[in-house]
Amino acid sequence: MQLEVGSILEGKVTGITKFGVFVDLSEGKTGMVHISEVSSNYVTEITDHVKENQIVKVKVLSIGEDGKIRLSMKKLNGDEPEVKKAPPRREVRQERESKSDFGFQKKSNQPMSFEDMLSKFKQSSDEKMSDLKRNMDSKRGSGGRRGGR
C-alpha cells in the first residue's frame with residue numbers, strides 16, 4: 001500500500017510518550033501522532049485516549065524529507081473542530097476607553113486644546129493620587145502622629 005499525505009490507515013500503537021503516540025504502519029514504517037492531534041478535546045494524559053498495542057485509525061498529515069511521518073487521529077473526518085473564540089469584549093473595551101480618556105474630548109466634535117487636555121489629565125491624576133494615598137493611609141492605620149513622642 002502506498003503511503004500518501006491525506007490517506008487514512010490503520011496501525012498499531014507501539015509506543016506512548018508524554019508528547020505523542022508512535023503508530024506502526026504497513027511495510028514496517030512508523031509514524032507519530034502528536035499529543036495535539038490525538039483528540040479534538042484537550043489531552044492531559046495520552047493514556048486516557050489510547051493504549052499500547054491498540055489498533056487505531058490515523059490520517060497522514062505529512063511525510064518529511066527525513067522520512068518522519070506525521071499522523072493525526074482527530075482529523076479523520078476531514079473536518080476540524082471549530083476553534084473556540086473568545087466572546088467579543090466590547091463592553092470591557094468601551095469601559096476601558098471611557099476610563100482612560102480622562103475626558104480629553106469635549107462632548108462636541110471640536111478637539112480640545114493641549115492646555116485643556118493637560119488640565120483634565122492633571123485633575124484626574126490628582127484625584128487618583130489622593131484616593132490612593134487615602135487608601136494606603138487607612139491600611140497603615142496612621143491616624144495621627146508617628147513615633148509615639
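**View 1. Hairpin of β4 and β5.** Strands β4 and β5 form a hairpin with 5 residues between them, and glycine 67 in the turn has a positive phi of about 95°. The model is predicted: local features need pLDDT of at least 70, side-chain atom pairs count only at pLDDT 80 or more, and totals for chains, interfaces and linings use all residues. Residues are numbered from 1 along each chain as its sequence is written, and side-chain values use heavy atoms, with hydrogens and water left out. β4 and β5 run antiparallel and are joined by 4 bridges. Isoleucine 63 has isoleucine 69 in β5 as its bridge partner. Strands (E, at least two residues) and helices (H or I, at least four) are DSSP runs numbered from the N terminus; two strands pair if DSSP finds at least two bridges between them.

**View 2. Pairing of β3 with β5.** Strand β5 (residues 69-72) runs parallel to β3, with 3 bridges between them. Here arginine 70 in β5 is the bridge partner of methionine 32.

**View 3. Pairing of β1 with β2.** β1 (residues 8-16) and β2 (residues 20-24) are antiparallel over 4 bridges. Valine 21 in β2 is the bridge partner of isoleucine 16.

**View 4. The closed barrel.** The order β1-β2-β3-β5-β4 closes 5 strands into a barrel with mixed pairing. Neighbouring strands of this sheet are turned by 55° against each other on average, direction ignored; axes are lines fitted to C-alpha atoms, for helices over the stretch in contact, and angles run from 0 to 180 degrees between N-to-C directions.

View 5. Glutamate 37 lies in the loop between β3 (30-34) and β4 (55-63). Its relative accessible area is 10%, so glutamate 37 is buried (buried is under 20%, exposed over 50%, partly exposed in between, with a 1.4 Å probe and protein chains only). Leaving out residues up to four places away in sequence, glutamate 37 touches Leu61, Leu71, Ser72, Met73, Lys74 and Lys75 (contact means heavy atoms within 4.5 Å).

**View 6. Whole chain and its confidence.** The protein chain has 2 helices and 5 strands, in the order β-β-β-β-β-α-α from the N terminus. Of its 149 residues, 20% count as buried. The mean pLDDT (the predictor's confidence in each residue, from 0 to 100) is 78, and 70% of the residues reach 70 or more. Over residues 81-85 the pLDDT is below 50, and this stretch has 1 contact in the model beyond near neighbours in sequence.
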